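Please read the points below with the model open. They are meant for someone who has not looked at this structure before.

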Amino acid sequence: MKKFIFAILAGLMVMGASAQTKEIRVLLANHPYGDLLKAAIPEFEQKTGIKVNLEQYQESQLSTKLATEFATGSSTVDVFMTRPLQEAKMFYKNGWYKPLTSYDFSDFPKNALSVVSFGSKTYTVPIVTEWQVLYYRIDLLKKAGIKVPTTLAELEAAAKKLNTPDVAGIASRGKGNAAVTQLSSYVYNYGGLYLNKGKAAFNTKEALEGVKYYGRLIGTYGPAGVTAMSWDNIMPLFQAGKVAMWTDASVFYGNIIDPTKSQVPKESVGIANVPAGPKGSHPFIVVSWGMAISNKTKNADLASQFLAWATSPEMAKRALIANITMARNSPWVDKDVLAQVNPDLVTTRAFAAKNGFPYDRPYMSAVGEARDRIGELIVESINSKGTSPTLQSTADKMAAKVNELLEDTGEYGVE
Amino acid sequence: MRRNPIAQLFFYIGVLAIALILLFPFFWMLGSSFKTQVDIIAWPPKFIWKPTLANYQRVFGEQNFLQYFLNSTIVGVSAVVGALVLGLPGAYSIARFKQKRLAIFILIARLMPGISFLLPWYIIFSRLHLMDSYVALILSHLLITLPVVVWIMSSYFEAIPRELEESAMVDGATMQRAFMSIILPISGPGIVTATTLSFIFSWNNFMFSQVLSMQKTKTLPIAVYNFVSYAEVDWGAVMAVAVAIMMPAIILTMIFQKYVVKGLTMGAMKG
Amino acid sequence: MVKTGFMERHLRVIFPLPAVTFVVVMMLFPVLYTLFLSFTNWNLTSGMPISFVGLRSYVRVFSEPRFIAAIGRTFAFTGMAMALETILGLAIALVLNREFLGKGFVKLFLLLPLVATPVAVGIVFNLFFDPTIGLANWVLSTIGLPKSEWVSNAATVLPSLVLVDVWQWTPMITLICLAGLASLPADPFESARVDGATGPQILAFITLPMLAPTILTAMILRLIDALKTFDIIFAMTSGGPGYASETLNILGFKYSFEYFKMGQASVMLVSLFIIVLASSLGIMKMRARSEG
């Protein structure tokens, strides 16, 4: 009998010991911040003895993968990067986020926390804040004798002048779904919105003006095949010197001046505010990425350790020095950091913080499909250079579809 | 028929052209896998370059390539073995008892779009908590391998003269005994055909594995796809991955060439 | 008279039983479950419970222009691919149908595209088709033709994808036709030659008619697989640009695993199932009739 008990105890101990090999499964996005974290993970492993099983995916595939896995109820994901505006509503509704009750959020701006909190709890740590900027080639503008555009009319004129068979005058995302976020500022600058009080609003006259302008601009002066391009297709073109101007999120600056990848020297890349439209300049400024813990994680403690490390002020400082625009407040007021960050990032951030809007897409659960629908409208506009006679009717049809999506998820008319 | 030397020349040029078109993508892929990024995106394209092993180092070093390889192998082998166990008796029965309807029923599995089963499998396997297990993958791949085995082996068995079993049965053996000890041992070629072909189909399968595999059971095609989208324009690494995944199937084909040809063309020859 | 045991008497049931059971469990039940789902409005991520809505999902799906367009694209892709593959495949088989040096090697080369992993093939062709650095445009510009955007342009994406499919699957038609040609009896050809028939006449009146059943079978196999083409489209364009290469299969996949609209996705899957079934039965009937 004694032998038996001893055997059981020994067995339990072995089981316990094997359960103690500390491992977590982390899913990151293919994004400048994800890359930075990936390179730093060996430090974490050494410091804590926790092994990190890392997977990295392209952003929309990450969303699909997370949803597909969480929906099965047997996912082994512990920590993951997440896009609050894309997934938060859906993930929160399905109970896939673990509420972060013991995390210190004091270093984060209030409006950043508003998109990751529901009720009184916060579910995601905001990591990256992005706002739309205009990247431009200082040398090319100088050679053509153009000032940096400050209005959309000037932007179009500049694009026309800079457009050559070799170099596209301007580039911006044209790939339907992906383009929705970049179009948003243009729409806002014409006085339009994607959603207004919980109803589709992108078929209004003002919004449609923005869509037409975007289509005209990118369709005429953009690179070949632009309707298949998101940021990961345009960036290499810019790095190869084939694009004169590019409107996209602020996070890519570090990459486009990276001498190991870019043929464009740092001195030739300028950052400016998105030019103003008839209704002012309201670039989007959003929490594009956050980090969260899976509600079903079996390694809550280890996951929290990773989360704390990955989103720490120190990591944020490191990222900002690499010109990745972070959500935390402290790095932006740190003198040493500021000395190394491109000052235009600081100024455009301040501008966006004052005048910008906190959404770059319709904020709803079924945002994936909604983006596909709005994307249809964008592609039609680009293909017809903004002149398609059916743009209004397409916009109306898509607005109806989006309203249907809102109704299906009980969000129609809800602010 | 007189062989005109000019006609012969044109003929061989034609054959060469065909061979080139067939092989060219493989050569390009192989070549690119040994090029640096700069060389790959060079315009005009470079046909002579300084080779590098860096892509392969990156791929095999960073990704869990061995694990994916192992997973594909485990799933493939299990699916093939399973298909033989289930399919050989079935194929024999179809051949000997002329069960045409049965044949069609099983072959419908080959004809139908996989996605029609994939959605319900996804839901059911999730509920059963079988998602990150080899079980789910192997079962789904069985639906690929089993029809191939039945299709090929039923033809094969039909071609075997009945006298063989009949003489054994006259001597007192049961039909199943005859099957096991007489028919099966001489079915080598057919089994090799069925095995090779169905293994290749399982190896190359993407859709089922994309949805049903999770972290531990990821198979090679998924790894390739993830790497592509993740790596965006790291073409060198992407090409190295493509080479790695196609190698086993290509090697198998080279070894078992005539069996693979037979397997692919056999069904078409059936009356 | 040997006494036959239970197993032997029921061999025709026992032997196929495992295979049949498997197919019933893994295929029949799931298909029926999909059919059931098509009558619901289940949306996995809306957080709302599943409910039976009769034909409403069908109405939603069939009135969705994207769905109709996907069906059209599926047939367009299949039609183009099959036409090209059959003609090219047959032509190549006729050319190669003789003894020549290196025939064994050529047969091996024919096999290679068939066993290449479709996903990897798609990736390689993506590089090929890249408008800026791809080899395809280099070839075009060298022979003086204008460059194309290949899969990055909605107008050229389907033909580009067809090109990839043609590269991968034409060899199968060729191999099947070669096998068929090899099995044709020699007599009709001999007597035709004795009667003084020319090459083209022999081809048109003897070879092709005798080869017809084989060609049709090859077409059936290709038709079914072409309707279901998924891997290369998913890997190369994922249905884009916009929806320009979205076939029914791809759309169904999106609705299932990206939008999680299980109810509507099931309608699409049922539709695809029926289309493939009807097409297969249709051509099989045609073939049966041609054998007379």
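The notes below cover a domain pair, a chain contact and a helix crossing.

1. The model is predicted. Residue-level remarks should be read with that in mind.

2. Chain A is split into two domains, and each is built from two segments: domain 1 takes 22–129 and 287–354, while domain 2 takes 130–284 and 358–408. Between the C-alpha centres of domain 1 and domain 2 of chain A there are 26 Å. Each of these domains of chain A puts 22 residues into their contact.

3. On the side of domain 1 of chain A that touches domain 2, at least two residues each come from α4 (84–93), β6 (125–137) and α15 (343–355) of chain A.

4. Chains B and C meet through 71 residues of chain B and 72 residues of chain C. On the chain B side, helix α1 (residues 5–32) gives the most, 11 residues. That side of chain B has 57 nonpolar and 14 polar residues, and no charged ones.

5. Within chain B, the axes of helix α4 (residues 65–97) and helix α10 (residues 188–204) come within 9 Å and cross at roughly 140°. The two helices, α4(B) and α10(B), are therefore oblique to each other. The crossing of α4(B) with α10(B) is right-handed.

6. Where these helices meet, α4(B) contributes residues including B:Ser72, B:Gly76 and B:Ala83, and α10(B) contributes residues including B:Thr195, B:Phe199 and B:Trp203. The contact of α4(B) with α10(B) counts 6 nonpolar, 5 polar and no charged residues.

Technical notes: Residues are numbered from 1 along each chain as its sequence is written. Chains are lettered from A and ligands numbered from 1 in the order in which they are written. This is a predicted model: local features need pLDDT of at least 70, side-chain atom pairs count only at pLDDT 80 or more; totals for chains, interfaces and linings use all residues. Two residues are in contact if their C-beta atoms, placed from the backbone, lie within 7 Å. Helices (H or I, at least four residues) and strands (E, at least two) are DSSP runs, numbered from the N terminus. Ala, Val, Leu, Ile, Met, Phe, Trp, Tyr, Cys and Pro count as nonpolar, Asp, Glu, Lys and Arg as charged, and the others, Gly among them, as polar. Axes are lines fitted to C-alpha atoms, for helices over the stretch in contact, and angles run from 0 to 180 degrees between N-to-C directions. Angles under 35 degrees count as roughly parallel, over 145 as roughly antiparallel, 65 to 115 as roughly perpendicular and the rest as oblique. A crossing is left-handed if the near helix is turned anticlockwise from the far one by less than a right angle, and right-handed if clockwise. Domain bounds come from an automatic or database domain assignment.
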